[in-house]
2 protein chains.
Amino acid sequence: MSNTFDLLQPYLDKDMALGTALTLINWDMETLAPSGGMEYTAKAVGILAVESFHTLINEDVNNILTKLETEEEQAQLDEIQKAIVKKLRKDYNDLKVIPADEYKAYSELQATATNVWAEAKQNNDYNKFAPVLKRLIDFQRKFIKYRQKDESNLYDILLDDYEPGFTVEMLDRFFNQLKETIVPLVQKVSMNKEKVDNSFISKHYDIEKQKEFCNWISEYVGFDLKRGVIAESAHPFTTNLHNHDVRITNHFLENNLESAIFSVIHETGHALYEMQIDDKLTQTVLGSGTSMGAHESQSRFYENNIGKSIDFWIPIYKRLQETFSEQLQDVSLEDFIRGINKSSTSLIRTEADELTYCLHIIIRYEIEKMIFNNEIEVEDLPKVWNQKYEEYLGITPTSDTVGVLQDIHWACGNYGYFASYAVGSAVAAQIHSHIKKVMPFEQYLREGKLEPIREFLKENVHKYGKLKSTNEILKDMMGEELDAKYFTDYLVEKYTKLYELN
Amino acid sequence: MSNTFDLLQPYLDKDMALGTALTLINWDMETLAPSGGMEYTAKAVGILAVESFHTLINEDVNNILTKLETEEEQAQLDEIQKAIVKKLRKDYNDLKVIPADEYKAYSELQATATNVWAEAKQNNDYNKFAPVLKRLIDFQRKFIKYRQKDESNLYDILLDDYEPGFTVEMLDRFFNQLKETIVPLVQKVSMNKEKVDNSFISKHYDIEKQKEFCNWISEYVGFDLKRGVIAESAHPFTTNLHNHDVRITNHFLENNLESAIFSVIHETGHALYEMQIDDKLTQTVLGSGTSMGAHESQSRFYENNIGKSIDFWIPIYKRLQETFSEQLQDVSLEDFIRGINKSSTSLIRTEADELTYCLHIIIRYEIEKMIFNNEIEVEDLPKVWNQKYEEYLGITPTSDTVGVLQDIHWACGNYGYFASYAVGSAVAAQIHSHIKKVMPFEQYLREGKLEPIREFLKENVHKYGKLKSTNEILKDMMGEELDAKYFTDYLVEKYTKLYELN
């Protein structure tokens, strides 16, 4: 046992407690808080956020870490303590190199940028947003210069923030592989689109009944209401105070059967990850999902690989049909499965289906890479954006609102984030391929036995929190790191069958 | 403008932000949080509470305050700043005299005491609770000794915590006056109890319909949903993040029409106080109701003086009757008003009506006074409790569960609190008497015009926050401090008429 580590504990405790408070306030603002109070509550949030920032990033913590990094001290630390020290050191080094006044100016810019973006998006006025975006990017360029340790690609540093260990080199290879398969596959599907009918999805579905069914299916998939809450918000999301209090939201559309159902399954996938993290790790800096991509792999595994399969629906489709007897009486299980899996090219990432989704990501990845390699000016982004949509998806945005202005990420200063979404889909496919080999996966689904699947994910993915990276998780599980081929094979097999392409 | 005051600002900001966080977490735990997460969330709460405690009670703040208390600095402060300095000094002095180790031991005892109390109450086992209660009281006796500045009554110090400026001398006079009127009045009412029928209250009332009506009536009274939230919890309560985010809860019983309706009107009264505090004061240490009694005066004014009057119900009884047409079709407005005002002696304070309520408080006040004047041993409390119930209410508790163990306050270490409830009723009656003189009060109620009443309370009570004490508010409003006669006159008039006692 290390006495030096004990010195760190009060800082870790305070960081955890402030994090819990900020998470809850954010949840409350998205789900319940009265609109008139936001401005005042934001003042408290700002103060807590600054307090939280300085809790672990300060000279005292640095000194304790330096001591804990000596060989002698390391010998006394257990595995979790070592990982905590490593994580704190990384965060400390990433932030201490940035001059305080620049960080403050950046934070202030960030706080106003999303409003400018929202207005620009609403008015289809890219020129309004461009100067703010340019300033955000300039800050990020400076910051990654400060953080750069060797001659590696600057964009690597940003990718690493969301997918620790991932680089441009790895992701170029990954995305090229996806592109080679998906672009021609999407073209073939487009030519056969009349083969799948999903008109039943846009009938009228009573919202109260949708809610009831969605809450039920979330529990069916494994959401534990003793350790979680389901609420509503404008956009569905998952958050957690710790592994015993995990919260998801859903949203409901009257003329859309699939939106709420697959949103809630998606968020339940995220929630199961957080619920199944080890008790020893929760409330530590290692106590949540290991990366954005790993998290997205779990939500997508449940939403797509499980939730859109016929095996999953065999035991439960009758319940849905009874809930909406009028709308679904003539829709067979097979038609339902075909309908929810229909693919069509569209302009909006968040509305894209499983097949076309990655093309939206590839476009953003390629553009971000150009930005941070100084190969493009901010004013040229709309033009390049539209060209790439035409090239990969065969459609051209009719306005910047549904083009380059559609996502909030860049306005938040989140560069390097998008790639994680595609990594998530690929990891999900890889786990899917493996899990079928180690258990009677489809049979379990057909029997409504989801518990062994949850248990497998807990033991192989969830419980480790941030103790293992995405690639370490895959390697330990199946002896291989991320490989795009599992995802491309999955897509080819699935859509060839669905659209009878052979 | 004082530069020294600026030095205080970061401490005030942090105190406000942590207070906001703790308030929200508490609200969430009472209304929404999953049961399985409490233990983990409590860990975060404990850390935040300690952090919050030390934010304003520390040597740095003390030094700044000392400087701000000089004549020269005082001259540069505005009225609000002066009041903040005064409040911080009082809190600092109250706490710094208590040795840190004793305070810690007391806090630890406090944290477990409510569980011991709950178990003792459930099992009707006073002896289980007595040793804990004795230790809590011993701590409080020591603490008030430390805080005592002169030879005044020790119990004064506790009373002042909840009702700044109130003393045993004032409250002895106050309660004697109440006792002289209420005890014989209750006896007369008891002898005439068959004159009022309230059997319609315990019919079956659909909970969803109750909810809808209660939410409507809360808005009717003035609750602003743009600045507030209505939710459910085991016991109704009001809380607020600031004056633009005020939250109330309600609870619903299937066989009780009045519980939810008058609970929501009561909590709306509390909420209006907080909503109408000046923007300049909210998010400062002066930014909530000035005392427990003043707060209770507002909730009771709305619940009883307004909510139980026929004038209030004239424009809206039809709506209630339509909501519950089956149950209320044969209940006239007059019968309804008589029924909701029925008085009967009972053992439980929280279920007591407007007339008998103060007797429950007098009993607790007299016992607390004996405790802190060393005139009673903890083991004798049940005996004295039961004797007083027999003497004042004419009934004897059948067990300690419905006797001395019924309230949580003593287990929380809240001594001196109960008196505020009676002060609240008396202040409400005093405001009621005054408001009838300055506006056509009953006419406004009959016309459904509650806005001028709200406005009057805002201008005369609410907006000042803690800038004025309860007695200062009354004095500035009507030229008189608290006087029990308004309340006794009100009760005599009301119940004489209701029970036809003349």
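Good morning. In chain A, the side chain of His462(A) reaches the backbone oxygen of Leu272(A) at 3.5 Å; a polar contact is a pair of N or O atoms within 3.5 Å, where, within protein, one must be able to donate a hydrogen and the other to accept it, and residues adjacent in sequence count only if both atoms are side-chain atoms. This is a predicted model, in which local features need pLDDT of at least 70 and side-chain atom pairs count only at pLDDT 80 or more, while totals for chains, interfaces and linings use all residues. Residues are numbered from 1 along each chain as its sequence is written, chains are lettered from A and ligands numbered from 1 in the order in which they are written, and side-chain values use heavy atoms, with hydrogens and water left out.

Where does His462(A) sit? It lies in the loop between helix H21 (451-460) and helix H22 (470-478) of chain A; helices are DSSP runs of H or I with at least four residues, numbered from the N terminus. His462(A) is buried, with a relative accessible area of 0%; buried means under 20% relative accessible area, exposed over 50%, and partly exposed in between, with a 1.4 Å probe and protein chains only. Leaving aside neighbours within four places in sequence, the residues in contact with His462(A) include Tyr273(A), Gln276(A) and Gln298(A), contact meaning heavy atoms within 4.5 Å.

I turn to Glu296(A), in helix H12 (residues 292-306) of chain A. At 7% relative accessibility, Glu296(A) also counts as buried. Not counting residues up to four places away in sequence, Glu296(A) touches His266(A), His270(A), Ser420(A), Tyr421(A) and Gly424(A). The C-alpha atoms of Glu296(A) and Ser425(A) are separated by 7.1 Å, although these residues are 129 apart along the chain.

Next, chain B and its helix H10 (residues 207-221). The buried residues of H10(B) include Phe213(B), Cys214(B) and Ile217(B). Seen down the axis of H10(B), its buried residues fall within an arc of 155°, so they line one face of the helix; the arc is that of the directions from the helix axis to the C-beta atoms. The face turned away from that buried side carries the exposed residues Glu208(B) and Glu212(B). At the N-terminal end, Asp206(B) caps H10(B), with a side-chain oxygen 3.3 Å from the backbone nitrogen of Glu208(B). Just after H10(B), Gly222(B) takes a positive phi of about 140°.

Finally, in helix packing, Ser425(B), Ala426(B), Ala429(B), Gln430(B), His432(B) and Ser433(B) in H19(B) meet Tyr486(B), Phe487(B) and Tyr490(B) in H23(B). Thank you.

Conventions
Helix = DSSP H or I, 4+ residues; strand = E, 2+ residues; numbered from the N terminus. Expected span 1.5 Å × (residues − 1).
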